[in-house]
Each structure stands twice: as structure tokens, then as C-alpha cells.
Amino acid sequence: MDCTEEKDIETPAPSVIERYFTRWYKADVKGQACEDHCILQHSNRLCVLTLAETHPILQDGRTIKNINYKISNGCSRLNNKVAGKSKRGGQFLTEFAPVCRITCTDETEYTIYSCIRGRLLEVNEDILVNSSLLLKKPSTDGYIALILPKFEESKLVKENLLSREDFEVVVSKRAADVQSQPS
Amino acid sequence: MLPLKEKDKPVVQKLLSAGCCARCVLRFCCVLVQSLYRQPIQDTLKQLQDFVSNLDSSKPNESTAVPEPHPAEGDESHDATEAKQGEDDSEQGTRTAMEPPDDPPKKRMKLDEDLKGSDASAGSKDAEAPPAPAPALGICVVCLGVLQEYCSRDHARKVAEAVKTEDYHFDTIVLSVSLPAQLCVREHSCWLHVKKEMREKIMTRVKDDIVPVKEAFKWSVQGLIAMELGGVAVVTRSSFEVGMEFKHTATDSDCHFLATTCADCFRPTKNKDSVFTRVAVVKALEKIPDSKFLIHYPSPPGRPTSSCTSQAIQCLHTSIYVAGRYNKYSRSLSQTPWIIDGRRMMESSVEELIAEPLANSFRAKGFNFSSSGREDVDVRTLGKGRPFAMEMLNPHRCRFTKMEMKQIQETINTSSDKIAVRDLQIVTRECMGHMKEGEEEKTKSYTALVWTQKAIEKDDIVFLDDIKELTLDQKTPLRVLHRRALAVRQRVIHSMNTRFRDPHHFYLRLKTQAGTYIKEFVHGDFGRTKPNLCQLLKMDTDILELDVESVDVDWPPAISE
């Protein structure tokens, strides 16, 4: 009975993200060129907010000076606490709710937005200690936050977002535009 | 002879003319002699009629009658009954044979045993008495027929037939009776009707001394049912219950006045079709003052136009628990049915593959599956397997020999090659706890097939073999975070063993504390399990296959082959 169904391990297996998640994108968030966000939605409806590979922070060898989850005097995402199975008490985020601000060493500041409606479950405190995680593994260990959409809204998450294919079209069009308008 | 005294006469008279059946009269007179309920109701009625009509001639009887039918503790009454017992020992033998052996040692019952002698003598005397005119048997105003037609041999036969068609295996039965709520209202009304007479004669009597309809019903009919079922014992505690439910069309109209006078007692409940449940009606009757009751309801209660109807007989056998260990050899089989939005994700499940042959053998109406933890759909469970238990609901058959259990196990094992079962056995309900107990403390062993991003050599991974008692901080995995609370849980990996396979794969054998999420330890779960294998090997790692090798719970006991 042992090992009768071993996989053909020569072909690379799908990664954790490919196995369990669907990628959704939001391009040029808040009208800011290239500030693309990526939402990884797990099959259990949970969403992981990440930077898309195309986000300016991840370009041109930038380095991060500061990540700040305190988005106003009265509100810090670090104070978020959830309790119990039903995740009581988590801050409720709307599409344009800022989640954190990231300042690069070149003093440019970027705001990361929720992109979806849902309850904030967790922010990634590891990137506060080790900001290189965000640069090296933006879609896994360098995630920004975990957000749980309402059960009845979980299927609607994608409605305001782009599929991977649609996003790739946007990105290639963007590249074409840059080439056609040399400065 | 009826254990009634001169002072009971006005009560009996009043009850009979109000339209009470003979058994309800016995109840109101607090007669605890079971055999009097058991005898044909016409005989009882005749005795009662004789009793009230021979107001004077009954006087001499009083010396032989029981001084006090109330369950009095007084030594006097005991002495009196014991003296009589001696008179008629010959009858006793046959009667005790009919007695349920397991009745609780209630005082009432004891008294009944003591009184048997007097009852027997009553029978013989009665035979000499001149025949009284046959009385018209109307529907009783209090029990609405429950203690009349439903205590007949005919009805007992119907009940027995219903039980027989279900084809249960049982040694003893317990009867359960459900009565329409207005019987309480009618009883209360009748009590108010005779309260004055009862109180005047015997100061100690209160409403609670009246024999409840349920009890009188059981005394009247359980012997007949037992006989029809071939002499099975009717007891007060049994794993097999025969349920009788009586309903009446006028329940709502009889109780309606209570809803307006004691509105707070009647709140609509989710799964009841009427607000007039027995509990609610009893509560309302306790609250309502007698004067108010009498304004809204006739006393004695009015004559009913129909008697109760008997609902279908419900048989219920208590659950039987079956335990064992299972192996799961498939990576596309869930432990329990996996249904999303009403659609089945997998054809079958471990639970169903085990339950079906079991439910067939036990002829059960359903089952509840539980196990010592669970594995994912794509994880195999090898080795000695995972302990599980199955509650068989309402089993029609419940006794199996070791050989028969082995045969059921064979049936399960030949029915599918996706699972196998061993150590299958019947266990007690209490034993079920062993399985869940220590779910977190016990150890589990796994084998994982690990993929490494960078090429490795044998020597790159051997250091893992030396890591012992590694404590992990596991945040609730994303995979289960939608249904589990967010927390950081500390889990221990007791030991690890590596087996190199090729430059990008190796087998990792782990011995861990139960409750460790292995997949997350290997791929890191977005860095949420720390430390994880990616950190230990300083490269991305992923898990391709996982097998549970052992679940170290020593229950249920192994069964030798």
C-alpha cells in the first residue's frame, strides 16, 4: 500500500499561492500611476493584501525607510484585535481605507489601501522589523495585512478588481504607452 | 374490595355523576393498588357503583378496607396491610409474575405490593355480589378516554403489533406517554369540583396525592402490552423505549382561556406547533387563582364530544457506540462529507465508507462520527490508523458477537480500497471520552515529501536529524482561519528524520505534539509559523505529500487477529 501514488516530481508543482489562492489586482490605486495592489483570495474567502510586483516600491532597487501602520492620530492598524471564531472587534475596512504608509529612503511616501471591504484580522508586524521581507517576498512573507470579507460579500470581492489576465493587459499597455511617448 | 372508606363516598359519587371514568375515580381517591387499575374498567365501575349505592351495607366492609389509601408513613397502616397479606398468599404468586421486576423502590409501589392480598380477596367477594345494571360508558371528562379504550387489550395489542413490525431486538421496554395538555386543565377543574369533599374528610389530601394519569395508564396497560409482546418485562429504565402519544382536537379551545389570563406563560416556541405545551399549561394552572379559573372554565369539566386519538407508536433504542481505527489510503477522500453550496466536492468520505456497512448491520436510523483529530483530504493515514467512534442512532439490532463484529469489519474492508478498519468493537458511551481526552498532549508521527527551491545534497539536510524538541509559534493557519480563532499556539516538534530523495526533494519524518500544523511548518504560511522549514534550510520549501504514520492514542484497545 506504500507510495503507490507518488507524483511525477519532475514537473514543478504549483506553489502555495497557486494551490490555494486566486490573485486579484487593483491598478493605479487612487489614481496614483503604477501603485498597483494585489489581493490573494484563499478558497476559504480570506484575503491577503500585498503589493503587486509592479508597485513603485518594488522597482529600481528602492529601499524602505519606514513602514507605518498608524494612519492617523486616532487610528493605528497595530491596535487591531480580533477575538473568537467570529473575529469580533476587528476594524472594518472599506475599499479606500488606508492600511499603512511606506516611506522609501528617497523620501517618497506611498499609502497602501485595503482595496476590498472586510474586517481587518492581522497586519504583518514582521515587515516592521525586517523591511527587506517586503522587497524580497512581497506576495508571501512580505504581505501587508489579512482581511476577511463578509460572508455574503466574499463573492463580490473581485467585482472591483482585475483578474491576473486583465491586469497583465493593463501592464503591457502601460509599457507600450511609455515606449510610444518618449520624454 | 376497593380500598375506600365511608368518607370517600361523596367524592366517588360526585366524580361518577360528573362523568369521570372508574379509573379516574380511583386516581382521585388516591388508590395505589395497581391491580385495581389493571382489572377491566367495567368491573371497577361496578364495584364503585356498589360501593356508593350500599351506603349502609358497606359499613361492615370498612373493617377489611385499608384504613388509609394515602401513602401514609404511619406504622399502623403497615401493620394492617401486612396482616391481610397473610390471608391470601396463594394469589400472590401469579400476580408477582406479572409485576415488572425493575420498578424503582418507590413508596407507592411498596404499598401496592403490600396491598395485593386485599385486592385478591376483593375479587372473590365481588363475584358473589348481585350483578348491577351495565352502565353506559361515556368518554371520561378528565382523561378523555386515555384510561378507558386505550387501556384495553385491543389497544395493547395494537401497540405490541406496532412494536413487532419494527423488528427491534430488546429484553425489556420502558413506556413513555405523552398526553394532550388540556388533561391538566380538566384535572384541575375536577379537583376543584371535589376539593371541598376531599378536604373535609381527609385533611392531609392535596392535589399532588392524586395518581397522575400517566402512572395510572401504565399500571392499567403495561401488563397487557408485556403479555402481547410475549412476556417481556416493562421496566422504568430500559434501553428500548416505546412511545405513545395522545392528542386531542380540542386542546387549544380547552386551554385558550389560560392564554388570556396568564399570557406570560405562553410564549411562542420555535419547534412546537401550539403554545399550549404541558409545561406551560401546568405553570399557568399554578398561577391562576381558583376563583378566576372557575369564572373561565366549568367545574366539573364539560362533556367532551370526542376522545383522544393515539398517534403512531414511536420506538427508540438508545445509541450503540462502535469504535475502531481507520487507515485512509487515498489523497482524494475527505474524512467527512465535503459539501460547498450544496455541491459535493468528493464522491465519498471516510465517515460514509465506514458508516454504511455499520448502519446496515445495526439497522440504525443514522449515525454520528467522531475521531481523534482529522486529516486533510489529500493526506493519507497509514500505520495502525486513527481512532474513531461511531454512534449508531436508534439501532434495531444491538448485540453482536466478536465474530460478527469481525465480519462487519471485513465487509467494510472489502467494500473499498480507499480505507481500511481495524479493532472494530462495541464500546460504552463513557469510553468515548478516552478518544478526545489528551487530543493535544498525544504525539503524532508524519512523513512529508518536501520540495526545495535550491538544489540540495544529502549533507545539507542531515542537521535536521539532530533537532529535538523544537518549539514552534504557529499563528492560526490561513487555511483554517475562517473557522478558528486567531491565536499564536506553541507546538513542539519532538524529532525529525530526513531521507534524501533527489536534489530538490527529500522525505521528512516528524514526531510532533498533536495539533501541530505540518503543512504550515514546511511552507511557512507567509512566515506565520516560526520557525519553519524555509528558515531552517534558508530557502523556499514546499510540501508535496503528507502521510500520517501514527496517532498515538491507546484507545480503543487492540483486538488480536
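This is a predicted model: local features need pLDDT of at least 70, side-chain atom pairs count only at pLDDT 80 or more; totals for chains, interfaces and linings use all residues.
**Entry 1: salt bridges**

I started with charge pairs, and the structure holds 37 salt bridges over all chains, where a salt bridge is a side-chain nitrogen of Lys or Arg within 4 Å of a carboxyl oxygen of Asp or Glu. Residues are numbered from 1 along each chain as its sequence is written, chains are lettered from A and ligands numbered from 1 in the order in which they are written, and side-chain values use heavy atoms, with hydrogens and water left out.

I looked up Arg19(A), which forms a salt bridge with Asp542(B), the closest N and O atoms being 2.9 Å apart. Arg19(A) lies in helix H1 (residues 16-20) of chain A and Asp542(B) in strand E17 (residues 541-551) of chain B, so this pair joins two chains. Helices (H or I, at least four residues) and strands (E, at least two) are DSSP runs, numbered from the N terminus. For burial I use relative accessible area: buried is under 20%, exposed over 50%, partly exposed in between (1.4 Å probe, protein chains only). Arg19(A) is partly exposed at 27%, whereas Asp542(B) is buried at 7%.

Next came Arg186(B) and Asp254(B), whose side chains meet in a salt bridge at 2.9 Å, N to O. Arg186(B) sits in helix H9 (residues 182-201) and Asp254(B) in helix H11 (residues 251-261) of chain B, so the pair ties together parts that are 68 residues apart in sequence. Both Arg186(B) and Asp254(B) are buried.

Asp547(B) and Arg380(B) also meet in a salt bridge, again with 2.9 Å from N to O. Here strand E17 of chain B supplies Asp547(B) and strand E10 (residues 379-393) of chain B supplies Arg380(B), so parts 167 residues apart in sequence are tied together. Asp547(B) is buried at 7% relative accessibility, and Arg380(B) is buried at 1%.

I also noted a network of salt bridges that links Asp376(B), Asp378(B), Arg479(B), Lys519(B) and Glu520(B).

Asp141(A) is in the loop between helix H3 (132-136) and strand E9 (145-148) of chain A. Not counting residues up to four places away in sequence, Asp141(A) touches Asn124(A), Ile127(A) and Leu133(A), and from chain B Phe526(B) and Gly527(B); contact means heavy atoms within 4.5 Å.

**Entry 2: helix H15 of chain B**

I checked the length of H15(B) (residues 402-415): at 1.5 Å a residue its 14 residues should span 20 Å, and the end C-alpha atoms are 20 Å apart, which agrees. The expected span is 1.5 Å times one less than the number of residues. Met405(B), Ile408(B), Gln409(B) and Ile412(B) are the buried residues I listed in H15(B). Seen down the axis, the buried residues fall within an arc of 100°, so they line one face of the helix; the arc is that of the directions from the helix axis to the C-beta atoms. An α-helix has 3.6 residues a turn, so residues three or four places apart point the same way. On the other side of H15(B), Met403(B) and Thr414(B) are exposed. The buried residues pack against strand E6 (320-328), helix H14 (350-362) and strand E11 (419-427) of chain B.

**Entry 3: nonpolar cores**

The largest nonpolar core has 84 residues, with Phe217(B) and Val281(B) making the most contacts inside it. By nonpolar core I mean a set of buried Ala, Val, Leu, Ile, Met, Phe, Trp, Tyr and Cys residues joined through side-chain atoms within 4.5 Å. Leaving aside neighbours within four places in sequence, the contacts of Val281(B) include Cys184(B), Leu258(B) and Phe266(B). A second, separate core of 34 residues includes Leu464(B) and Val522(B).

**Entry 4: backbone checks**

I found a cis peptide bond between Ser299(B) and Pro300(B), with omega about 0°. Another cis peptide bond joins Lys530(B) and Pro531(B), where omega is about -10°.
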